[in-house]
Amino acid sequence: MEIIKAMLLPASIMFGIALVFGILLVILSQVFSIEKDIKTEEIEKLLAGSNCGGCGKAGCSAFAGALIKGEANISECNSTPKANKEKIALLLGNGGNIGEDTVAVVHCNGGNFAKEKYEYQGYGDCKSAEIIAGGIKVCPTGCIGLNSCNKICPNYAIDVNMEGFAQVKKELCTSCGACIINCPKSLISRIPRNAPIYIACSNNCKGKDVREMCTHGCIACGLCERVCPEKAITLVNNLPVVDYSKCKGCFLCVEKCPTKVIKKH
Amino acid sequence: MSIVLIIFTALIADNIVLSQFQGICPFLGVSKKGSTATGMGFAVIFVMAISSVFTYMVYYYVLVPLELEYLKTMAFILIIASLVQIIEMVIKKYSPTLYTALGVYLPLITTNCAVLGTANTAIDVGYGLLNSFALSVATGTGFLIAIFILSGIREKIEKTDVPKCFKGFPITLIAASIMALAFAGFSGLFA
């Protein structure tokens with residue numbers, strides 16, 4: 001009995017004091033709440049919350065603050081799903097450009113088929129290899145395949161596949177842009193999430209030269225440009241460029257490409 | 001002890017930072033600019049004043065009658081933490097600039113040994129309510145004086161050519177210790 005009194009009493013006293021102050025805090029937090037603050041919290045909840053820094057701000061709370069002040073646009077965040085972006089645009093009351101739903105894609109499929117200048121047996125990854133004579137591959141824009149992108153991706157969405165080049169898993173990609181900044185060859189860019197095709201080569205050299213560097217490179221034959229019924233592909237600087245607003249996903253270019261550079265997304 | 005003596009001792013002779021070496025964290029952390037330093041000092045005075053009243057009342061009207069004096073530390077920390085939360089809300093609403101300037105150091109007042117130390121001192125020496133209140137206000141003001149002087153010194157140091165290995169905290173600590181030496185001259189003044 002004495003023991004219970006010795007333990008129960010102090011416990012309940014502490015609980016009582018805590019309860020009193022807890023209630024006081026709740027009441028005062030309502031009294032002192034700031035109108036702007038509620039909005040910021042709501043916007044923060046709708047944002048992706050990954051703190052990836054793709055928008056250039058120091059995390060999602062900072063981005064929410066900048067949105068409220070009007071210093072940032074919601075289209076700068078690529079990680080937030082489109083539905084949430086629309087809700088945020090409503091909250092902010094400015095409509096505005098929500099930006100497209102995009103994913104990252106690697107514009108190279110050379111990998112093991114691209115000839116190498118040397119074998120890299122050193123420390124580090126693609127960035128280190130790039131310092132030595134511009135990377136392992138003879139092709140100046142060939143994926144080095146040492147996983148710089150994989151190391152920086154917060155969602156484990158990109159890694160080097162069995163064929164030796166990096167590839168993005170579009171279900172996992174949130175388009176935060178970390179890999180885009182980190183690739184020393186600048187091979188990664190954003191395309192719409194529902195894009196039917198993408199171009200898996202970045203080499204601007206003439207067909208004959210490309211052939212000597214890599215059997216999977218674009219030889220700029222122009223077949224894709226001629227066969228496209230929507231005129232969605234144009235050849236610029238020895239590489240096909242896709243206009244995604246026109247592309248209907250008929251995949252004729254994918255069939256016709258002799259080096260299989262145009263891939264289904 | 002007369003109340004005037006308590007006040008002057010806490011202000012100068014027994015300065016919380018420079019003689020008792022408590023509350024050094026915000027002392028070093030927020031003293032880069034004069035304006036933030038004074039803001040911090042006033043926040044500390046406010047916390048100390050209110051927490052002294054609350055802790056006194058909880059100690060003498062709840063803990064002592066129930067013979068639970070050993071819960072003093074826990075109860076005091078609880079009270080001080082809640083009070084700092086409230087002050088954070090007030091500052092956030094009425095002065096957002098001060099709020100961002102103080103940053104993380106405002107919640108650090110919670111774990112600041114100066115506040116808990118003053119509450120404990122008031123209880124240990126056995127002061128009444130008015131004396132405890134006077135002690136904590138004076139202690140807070142002593143903190144304000146110390147941090148304000150240090151911020152002035154630091155602003156001047158910014159413009160001088162400090163050797164590379166001393167830049168930042170090392171030179172600040174040296175300045176603070178020289179200040180403590182100077183204030184040590186006051187010890188025994190009001191004995």
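Here is a short chat about how chain B touches chain A and how two helices of chain B pack.

Colleague: What should I know before I start?
Modeller: This is a predicted model, where local features need pLDDT of at least 70, side-chain atom pairs count only at pLDDT 80 or more, and totals for chains, interfaces and linings use all residues. Residues are numbered from 1 along each chain as its sequence is written, with chains lettered from A and ligands numbered from 1 in the order in which they are written.

Colleague: Which helix gives the most to the side of chain B that touches chain A?
Modeller: The contact (C-beta atoms, placed from the backbone, within 7 Å) takes 16 residues from chain B and 13 residues from chain A. On the chain B side, H3 (34–63) and H4 (72–94) each supply at least two residues; helices here are DSSP runs of H or I, at least four residues, numbered from the N terminus. The top giver, with 11 residues, is H4(B).

Colleague: Which helix do the buried residues of H1(B) pack against?
Modeller: Buried means that 20 or more other C-beta atoms, placed from the backbone, lie within 10 Å of a residue's own. In H1 (residues 3–13) of chain B, that covers Ile6(B), Thr9(B), Ala10(B) and Leu11(B). Their packing partner is helix H8 (129–158) of chain B.

Colleague: How are H1(B) and H8(B) oriented to each other?
Modeller: Their axes, lines fitted to C-alpha atoms over the stretch in contact, with angles from 0 to 180 degrees between N-to-C directions, come within 7 Å and cross at roughly 25 degrees. Angles under 35 degrees count as roughly parallel. So H1(B) and H8(B) are roughly parallel.

Methods. A residue is buried if 20 or more other C-beta atoms lie within 10 Å of its own, exposed if 12 or fewer, and partly exposed in between; C-beta atoms are placed from the backbone. Angles under 35 degrees count as roughly parallel, over 145 as roughly antiparallel, 65 to 115 as roughly perpendicular and the rest as oblique.
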